[in-house]
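Hi everyone, thanks for making time this morning. I'd like to walk you through one model, so please have the viewer open and follow along.

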Amino acid sequence: MISVVSAGIAPGLALLSYFYLKDEYEKEPVLQVLKTFILGAALVFPIMFIQYVLDYEQVFPARVLRAFIVAGFLEEFFKWFFLYYTVFKFRLLDEPYDGIVYGVSISLGFATVENILFLMANGIQYALGRAVLPVSSHALFGVIMGYYLGKSEFAGKGKPVYLALSVVLPILFHGLYDLILTFFHWYVWMLPFMLCLWFLAMWKVKRAKAAKFSYESSKKSFTG
């Protein structure tokens, strides 16, 4: 049991540490980041229950709908909703990169609990594959979500557009990820998809780090 839990937690904490330490300016309080991580973890159980009911009742029988609604929409929308109303409504950001830190934190909290439950049910032999695909993909969805949420705080008139992108893009990427898993030769498509996702996420990280604006200068916007 201890080995399974450790294997389930390790990739999420490693990725969270990686993105947290890339904040080269004023790092976010560790306690606040951990609270966001725990919030993401707490979302797993109600979302899994809703997904179970939808699958059991076959509300969305088509695999495209299951991928984009049951998986993509439910998971990313609720992460976005609670992130927005717990972090961004309380003005906890003082630079754009902070949005990425919190986006990754809530996403990895969710992914970590989901990962532990999967390994407990299926065995520790899946730990490496789970770390490379589901856990890392959740982190990358969180980067994109947090980037545009953070950008919305400093965008002035463009705020509604960036708020919309912060929830729509993670839903689309997550849905596409789950859809690819339904393909017969899914691994042929998954490799280029994950490489593109990593490239996009790291480009967003670079753009956010380059925007050295404080929260007090929120009237300004940054490009990217």
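Let me begin with a definition: a salt bridge here is a side-chain nitrogen of Lys or Arg within 4 Å of a carboxyl oxygen of Asp or Glu. Please also keep in mind that this is a predicted model.

With that cut-off in hand, go to Asp23, in the loop between helix 1 (2-21) and helix 2 (30-42). Asp23 is buried, yet has no salt bridge. Which side chain of opposite charge is nearest to Asp23? That is Lys27, 5.9 Å away. Since the cut-off is 4 Å, the pair does not count as a salt bridge. Leaving aside neighbours within four places in sequence, Asp23 is in contact with Glu28, Glu95, Tyr97, Asp98 and Val101.

One joins the side chains of Glu76 and Lys79, at 3.0 Å from N to O. Both residues sit in helix 4, three residues apart, or about one turn of the helix. Glu76 and Lys79 are both buried. The other salt bridge is between Glu153 and Lys159, at 3.9 Å from N to O. There, Glu153 counts as buried, at 6% relative accessibility, while Lys159 is partly exposed at 24%.

Now, the overall layout. UniProt, in an unreviewed entry, lists residues 6-21, 33-54, 66-88, 100-121, 127-149 and 186-203 under "transmembrane region". Let's look at two of those spans in the model. Residues 33-54 are 95% helix and 0% strand, with the end C-alpha atoms 32 Å apart. Residues 100-121 are 100% helix and 0% strand, and there the end C-alpha atoms are 31 Å apart.

On to the packing. The largest nonpolar core has 53 residues, and the members touching the most others are Phe19, Leu83, Ile100, Leu108, Leu149 and Met194. Which helices supply at least two residues each? They are helix 1, helix 2, helix 3 (44-56), helix 4 (63-88), helix 5 (97-122), helix 6 (127-152), helix 7 (159-180) and helix 8 (186-210). Helix 6 gives the largest share, with 11 residues.

Next, the aromatics, because a pair of rings is described by the distance of the centres and the angle of the planes. The structure holds 17 aromatic pairs. One of them is Tyr52 with Tyr56, a stacked pair at 5.9 Å centre to centre and 20° between the planes. Being four residues apart in helix 3, these two tyrosines are separated by about one helical turn. Both Tyr52 and Tyr56 are exposed. The rings of Phe73 and Phe77 are also stacked, with centres 5.3 Å apart and planes at 10°. This pair lies in helix 4, again four residues apart. Phe73 is partly exposed at 36% relative accessible area, and Phe77 is partly exposed at 25%. Ring pairs link Phe73 and Phe77 with Phe78, Trp80, Phe81, Phe82, Tyr84 and Tyr85 into a cluster.

Gln58 counts as exposed, at 61% relative accessibility.

Terms used:
Residues are numbered from 1 along each chain as its sequence is written. This is a predicted model: local features need pLDDT of at least 70, side-chain atom pairs count only at pLDDT 80 or more; totals for chains, interfaces and linings use all residues. Side-chain values use heavy atoms; hydrogens and water are left out. UniProt positions are given in the numbering used here, feature names are shortened, and annotations may be inferred rather than shown by experiment. Buried means under 20% relative accessible area, exposed over 50%, partly exposed in between (1.4 Å probe, protein chains only). Lys and Arg count as positive and Asp and Glu as negative; His and the chain ends are not counted. Contact means heavy atoms within 4.5 Å. A nonpolar core is a set of buried Ala, Val, Leu, Ile, Met, Phe, Trp, Tyr and Cys residues joined through side-chain atoms within 4.5 Å. Rings of Phe, Tyr and Trp (its six-membered ring) pair if their centres lie within 6.5 Å; planes under 30 degrees apart count as stacked, over 60 as edge-to-face and the rest as tilted.
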